[in-house]
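Hi everyone, thanks for making time.

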Amino acid sequence: MIPEAAYFMESDLEGQRIYDKTDREAIRAQLEIAGLKPGMFSLDIGCASGAASQELAGMCFPADAIGLDSSQQLLSEAIRNAASKQRPNLRFMHG
């Protein structure tokens with residue numbers, strides 16, 4: 001049972017669950033429809049695990065892509081998830 005004050009999104013497993021379930025092909029298709037092109041700055045508000053942020057960064061390169069989330073725990077996971085990717089234009093912010 002989850003304590004009343006607990007927030008289920010702050011589970012230690014939530015970031016990995018979100019990352020694993022992300023359909024990257026669908027994200028890229030949606031970003032293409034939205035008109036994202038190389039050189040366009042992008043912001044992923046509520047980036048959680050950073051999976052979509054990684055796709056943004058790849059598509060908007062060389063412009064910056066920022067993943068923003070209010071959960072420091074999820075941001076830490078997003079940073080870990082992105083560490084092995086070649087995305088020099090990607091950064092994460094808490095807010």
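Is helix α3 largely enclosed by the rest of the structure or exposed, and why? Before I answer, this is a predicted model, where local features need pLDDT of at least 70, side-chain atom pairs count only at pLDDT 80 or more, and totals for chains, interfaces and linings use all residues. Residues are numbered from 1 along each chain as its sequence is written, and side-chain values use heavy atoms, with hydrogens and water left out.

Okay, α3: it's largely enclosed, because 8 of its 10 residues are buried. Buried means under 20% relative accessible area, exposed means over 50%, and partly exposed is in between (1.4 Å probe, protein chains only). Helices are DSSP runs of H or I with at least four residues, strands are E runs of at least two, and both are numbered from the N terminus. Among the buried ones in α3 are L56, A57 and M59.

Now the core. The largest nonpolar core has 14 residues, and L31 and L56 are among those touching the most other members. Such a core is a set of buried Ala, Val, Leu, Ile, Met, Phe, Trp, Tyr and Cys residues joined through side-chain atoms within 4.5 Å. α3 gives the most to this core, 4 residues. Skipping residues up to four places away in sequence, L31 touches L36, E55, L56 and M59, where contact means heavy atoms within 4.5 Å.

Last stop, A48, which sits in the loop between β1 and α3. A48 is buried, at 11% relative accessible area. I18 is 30 residues from A48 in sequence, yet their C-alphas are 7.5 Å apart.
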